[in-house]
Amino acid sequence: MPIEFRELSYVYSKDMPYAYKALKEINLEIEEGKINAIIGETGSGKSTLVQHLNALLLPSEGELEIAGYTIRANEKTKGLKYLRKKVGLVFQFSEYQLFEETILKDVSFGPKNFGVSEEEAIIKAKEALKLVGIDESMYEKSPLDLSGGQKRRVAIAGILAMEPEIIVLDEPTAGLDPKGSKEMIGLFSKLNKEMHKTIILVTHDNEVVYNYADNVILLSHGEIVLNKDAREFFDDKELLDRLHILKPQIVELKELLNAKGYKIGNEVRDIKALAKAIKEIKKHE
């Protein structure tokens, strides 16, 4: 069953003179079991949209269906605590999610909050910390003493320890170096492929979208511009140009080569495949 927004709008400071409509009659289906990337310029409504997914924000108008819950404007929805177990959200600024004395206590807090014994919560926390690359020697450190990238990893571990069905990440590679970014996105790709987790990520990094996403959702000024298969999206040169989308390096390189007379097809999706295609072309010249 897809995650479905139906005519959903959200207004900040509703009924105030400075009210601002951040989302406008959103109709959207997000595929479960996929990696879904939400892109758009700063201020387009991306973070506002994903904060509805575990009811941190509630619709001003319309409704949302997710993980067996229907959340409607002006109606109280029961069981939202357990929705937040099913739908884990990692904020763009991860330090907002860190508050315990030690890393281990912080990551084990979520499972304990949902009734897991302290012993089992610690086991889940250690497994999650290992997944995100936090060494055991750091477990007793304060999470507030960590670097930005380490804070991001600990915040993600806190979500993973609760074993959510849907993982929502707002700028997941913020604060990470290229190696750390690749490792982190690789982790979520693995969780999607091997454990069938639905991944929803907000990102400005089109390299990440190109290499990992199944679907692309583009927002602009609080409205859905498109919801499209990622491969079809990046293969459509005219669409990318019209929407002023920053192209991934491999897409730009293929365009340059095609302009020089090389016929590089859409099936070429990475540097290795590109090098092989050029080698074949040269062989037949």
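The following is a conversation about selected features of a predicted model.

Me: Let us start with helices. At what angle do the axes of H5 and H6 cross?

Reply: The axes of helix H5, residues 148-160, and helix H6, residues 178-195, cross at roughly 10°. They come within 12 Å of each other.

Me: So what is their relative orientation, roughly parallel or roughly antiparallel?

Reply: H5 is roughly parallel to H6, because angles under 35 degrees count as roughly parallel.

Me: Which residues make that contact?

Reply: From H5, the residues are Arg153, Ile156 and Leu160. H6 contributes Gly180, Glu183, Met184, Leu187, Phe188 and Leu191.

Me: And how many are nonpolar, polar or charged?

Reply: By class, the contact between H5 and H6 has six nonpolar residues, one polar residue and two charged residues.

Me: What about H3: which of its residues are buried?

Reply: Helix H3 covers residues 103-113, and its buried residues are Ile103, Leu104, Asp106, Val107, Ser108, Gly110 and Pro111.

Me: Which helices do those buried residues pack against?

Reply: They pack against H5 and against helix H4, which spans 118-131.

Me: Where do residues other than glycine have a positive phi?

Reply: Ala67 has a positive phi of about 50° although it is not a glycine. Glu171 is another example, with a positive phi of about 55°. As background, most residues other than glycine have a negative phi.

Me: Where are Ala67 and Glu171 placed?

Reply: Ala67 is in the loop that joins S4 to strand S5 (69-72). Glu171 belongs to the loop between strand S7 (166-170) and H6.

Me: Are these two buried or exposed?

Reply: Ala67 is buried, its relative accessible area being 13%. Glu171 is buried as well, with a value of 10%.

Me: New topic: aromatics. How many aromatic pairs are found in the whole structure?

Reply: The search finds five aromatic pairs. One of them joins Tyr210 and Phe234, whose ring centres are 5.4 Å apart and whose planes stand at 80°, so the pair is edge-to-face.

Me: Which parts of the chain does that pair tie together?

Reply: Tyr210 lies in helix H7 (residues 206-212) and Phe234 in helix H8 (residues 230-235), so the pair connects parts that are 24 residues apart in sequence.

Me: Which other aromatic residue pairs with Phe234?

Reply: Phe233 forms an edge-to-face pair with Phe234, with 5.0 Å from centre to centre and 75° between the planes. Tyr210, Phe233 and Phe234 form one aromatic cluster.

Me: On to the loops. Where is Gln97, and is it buried or exposed?

Reply: Gln97 sits in the loop between strand S6 (87-90) and H3. Gln97 is buried, with a relative accessible area of 16%, because buried means under 20%.

Me: Which backbone atoms does the Gln97 side chain reach?

Reply: The side chain reaches the backbone oxygen of Leu89 at 3.1 Å and the backbone nitrogen of Phe91 at 2.7 Å.

Me: What else does Gln97 touch?

Reply: Not counting residues up to four places away in sequence, Gln97 touches Leu89, Val90, Phe91, Asp106, Ala155 and Ile159. Asp106 is also among the buried residues of H3.

Me: Leu89 came up there. How far is its C-alpha atom from that of Gln51?

Reply: The two C-alpha atoms are separated by 7.8 Å, although the residues are 38 apart along the chain. Gln51 is in the loop between H1 and S4. Beyond residues up to four places away in sequence, Gln51 touches Leu56, Leu57 and Leu89.

Me: Where is Ser60, and which backbone atom does its side chain reach?

Reply: Ser60 is in the loop between helix H1 (46-50) and strand S4 (61-66). Its side chain reaches the backbone nitrogen of Val11 at 2.9 Å.

Me: Is Ser60 buried or exposed, and what is it in contact with?

Reply: Ser60 is buried, with a relative accessible area of 8%. Leaving aside neighbours within four places in sequence, Ser60 is in contact with Ser9, Tyr10, Val11, Lys14, Ala73 and Asn74.

Key:
Residues are numbered from 1 along each chain as its sequence is written. This is a predicted model: local features need pLDDT of at least 70, side-chain atom pairs count only at pLDDT 80 or more; totals for chains, interfaces and linings use all residues. Side-chain values use heavy atoms; hydrogens and water are left out. Helices (H or I, at least four residues) and strands (E, at least two) are DSSP runs, numbered from the N terminus. Buried means under 20% relative accessible area, exposed over 50%, partly exposed in between (1.4 Å probe, protein chains only). A polar contact is a pair of N or O atoms within 3.5 Å; within protein, one must be able to donate a hydrogen and the other to accept it, and residues adjacent in sequence count only if both atoms are side-chain atoms. Contact means heavy atoms within 4.5 Å. Axes are lines fitted to C-alpha atoms, for helices over the stretch in contact, and angles run from 0 to 180 degrees between N-to-C directions. Angles under 35 degrees count as roughly parallel, over 145 as roughly antiparallel, 65 to 115 as roughly perpendicular and the rest as oblique. Ala, Val, Leu, Ile, Met, Phe, Trp, Tyr, Cys and Pro count as nonpolar, Asp, Glu, Lys and Arg as charged, and the others, Gly among them, as polar. Rings of Phe, Tyr and Trp (its six-membered ring) pair if their centres lie within 6.5 Å; planes under 30 degrees apart count as stacked, over 60 as edge-to-face and the rest as tilted.
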